[in-house]
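This report is written for a reader who is meeting the structure for the first time. Please look over the sequence and the model before reading on.

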Amino acid sequence: MDKKEWPLWEVFIRSQHGLAHRHVGSLHAPDAEMAIMNARDVYTRRNEGVSIWVVKASDIAASSPSEKGPLFEPANSKVYRHPTFYEIPEELGHM
Amino acid sequence: MYAQMVKTGLERIQSKEEMSPEERSFQERIDADIKIEPKEWMPEAYRKTLIRQISQHAHSEIIGMQPEGNWITRAPTLERKAILLAKVQDEAGHGLYLYCAAETLGVSRDELMEQLNSGKAKYSSIFNYPTLTWADIGAIGWLVDGAAIMNQVPLQRCSYGPYSRAMIRICKEESFHQRQGYDIMMKLARGTPEQQRMAQDALNRWWWPSLMMFGPSDADSVHSAQSMMWKIKINSNDELRQKFVDQTVPQAEYIGLTVPDPDLKWNAERGHYDFGEINWDEFYQVISGNGPCNRQRLRTRVNAYEEGRWVREAADAYAAKKAARAQAKAA
């Protein structure tokens, strides 16, 4: 067995349609350059993308699943942030 | 299937009353079709069963490259060779998606590799059969990938987020595999008498092992019942096998091949094909290491790993050198 495991990289791909980079999966590689090469082979075999980002998984800070409730509560209670909260008279047409 | 007879480590299913509050709310989320994500609380048995199932599936993809890889250098045309290369490369990709999904459950890639290379881990029985002629490549795509799809399509809806996402990617790519296999069989079945014989011979050899892929009947299995409750198994083995037979028999008939089962006949009452007894003794022999190619598959796998060692070490050394240079420059 190898002495040390290659770090894990999270892979983000931007597709051709002008959308933002999107997380597609992860892979192991010794460095960023190899991670991009490997990401090309693992995640873009069918023209899925025109740009690749890789980020070391250990560099990602994530919100904690157990604090999901309190963390997102402020948005939950603000239904007036959605357009559907407001009733517009039908005769006015589309707004 | 690609993961056959996955054990849960449990002897019976807990009732809702027996569950701890955590277990109960976990089960309620699953019942409500809410995905479980890494780092969220989950019962230890769920985590361990999933690691077993996903890694077995991954190992099958990796070992599955071997029977087909056998024909890359001997494909009949350059086009067929390019297609087969792409397919085998997909299998490697599928293995990688699945290893990553397994790693989110807290097992390391090195541990998984160790389990495979030491022979401790299981992989699907189907990959221990030899590919004797070019027609076998057609039969594998058509039957083996066809059987795999039966199982993988419902797994796209499984309860564990990373596994479900890996299955979605895999299913997108897998239908190319099945169609290219059927395309090979179709060409041969409409070819010279010798080519037709080759196609029939491949079907004769791959039919029963393909039915075995679904595993023995699990109608009374506690493990399957638990896995279904957790939604990491969606259909019973018999259900999927029946679906596969019903789908495949007309495809064989269409190209004039005969399914090698004298008991096979349409049952209008059931609306399904009846089919003959499967030789489960053979299945148990193959999964316990005594199939036609078990030793060869493992040896090839270990050799590939050992022969790639210098590449991994060189990549490591290069990464270390570059990092050191970058550090010196920054200082």
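## A network of salt bridges

Arg45(A), Arg46(A), Asp90(B) and Glu173(B) are linked in a network of salt bridges, where a salt bridge is a side-chain nitrogen of Lys or Arg within 4 Å of a carboxyl oxygen of Asp or Glu. Asp90(B) lies in helix H4 (residues 78-103) of chain B and Arg45(A) in the loop between helix H1 (32-43) and strand E3 (51-56) of chain A, so the pair joins two chains. Helices (H or I, at least four residues) and strands (E, at least two) are DSSP runs, numbered from the N terminus. Both Asp90(B) and Arg45(A) are buried, with buried meaning under 20% relative accessible area, exposed over 50%, and partly exposed in between (1.4 Å probe, protein chains only).

## How the model is read

This is a predicted model, in which local features need pLDDT of at least 70 and side-chain atom pairs count only at pLDDT 80 or more, while totals for chains, interfaces and linings use all residues. Residues are numbered from 1 along each chain as its sequence is written, chains are lettered from A and ligands numbered from 1 in the order in which they are written, and side-chain values use heavy atoms, with hydrogens and water left out.

## Other salt bridges

Over all chains, a search of the whole structure finds 25 salt bridges. One of them pairs the side chains of Arg40(A) and Asp41(A) at 3.0 Å, N to O; Arg40(A) is partly exposed at 45% relative accessibility, and Asp41(A) is also partly exposed, at 31%. In chain B, Arg12(B) forms a salt bridge with Glu18(B), their closest N and O atoms being 2.6 Å apart. Here Arg12(B) counts as exposed, at 53% relative accessibility, whereas Glu18(B) counts as partly exposed, at 38%.

## The two chains

Chain A has two helices and three strands, which follow the pattern β-β-α-β-α along the sequence. The radius of gyration of chain A, taken over C-alpha atoms, is 21 Å, well over the 12 Å that the globule rule (2.2 Å times the number of residues to the power 0.38) gives for 95 residues, so chain A is more spread out than a compact globule. Of the 95 residues of chain A, 23% count as buried.

Chain B contains 13 helices and two strands.
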